[in-house]
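My entries are below, in the order I made them.

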Amino acid sequence: MIIDLCNKADIKIIVDGLNAYNLDKVAALSPIWTPLEFCIKNEQGDVIGGVLAGINYWNGLEIKILWVDEGYRKQALGTKLLSYIEKEATKRGATMAMVDTFDFQAEGFYIKNNYEIIGEIKDFPKGHRRIYFSKVLQ
């Protein structure tokens, strides 16, 4: 046996294998993955922020990236994006949201938006924390 780099076909086999195992244990509530990816543009049409997320097959909204350009921060654009994606996810059946961030990124932002800390990794990266959040969607 050898360990080798994955190609796209290898990745599909791995993902399909995990999905088959998971779905054998707990039935899917929705399609495997429903992407939810939105951006905010300024008056010139430049992307100044966005959110990359999706709904998993157990109706969980998984937020992978939420970003706002530094020049546009402190204008509630992050909150606008978060609220928008939560509403879109809820319309599509999501019941829970989950996200992780670092203490130097958006810990206070998610707390302010009613996300609950459910775990953390201390001293990662060195001198910081990685924080995991969840929120029940209504």
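Entry 1. I noted that the model is predicted. I looked up Asn22 and found it in helix H1, which spans residues 8–25. Is Asn22 buried or exposed? Its relative accessible area is 18%, and the cut-off for buried is under 20%, so I put Asn22 down as buried.

Entry 2. I listed what Asn22 touches, leaving out residues up to four places away in sequence: Tyr57 and Trp58. The side chains of Asn22 and Tyr57 are joined by a polar contact of 2.8 Å. I also checked Arg73, which lies 51 residues from Asn22 in sequence and 39 Å from it in space, C-alpha to C-alpha.

Entry 3. I turned to the aromatic rings. How many aromatic pairs are there? The count is seven. For Tyr57 and Trp58, I have ring centres 4.8 Å apart and planes at 90 degrees; over 60 counts as edge-to-face, so this pair is edge-to-face. Tyr57 is buried at 6% relative accessible area, whereas Trp58 is partly exposed at 34%.

Entry 4. I took Phe109 and Tyr110 next. Their ring centres are 5.0 Å apart and the planes stand at 75 degrees, so I recorded this pair as edge-to-face. Phe109 is buried at 18% relative accessibility, and Tyr110 is buried with a relative accessible area of 4%. Which residues form one aromatic cluster with Phe109 and Tyr110? I wrote down Tyr115 and Phe133.

How values were computed. Residues numbered from 1 in each chain as written. Predicted model: local features only at pLDDT ≥ 70, side-chain atom pairs only at ≥ 80, totals over all residues. Heavy atoms only, no water. Helix = DSSP H or I, 4+ residues; strand = E, 2+ residues; numbered from the N terminus. Buried < 20%, exposed > 50% of the residue type's maximum accessible area, 1.4 Å probe, protein only. Contact = heavy atoms within 4.5 Å. Polar contact = N/O pair within 3.5 Å; in protein donor to acceptor, adjacent residues only side chain to side chain. Phe/Tyr/Trp six-rings, centres within 6.5 Å; stacked < 30°, edge-to-face > 60°.
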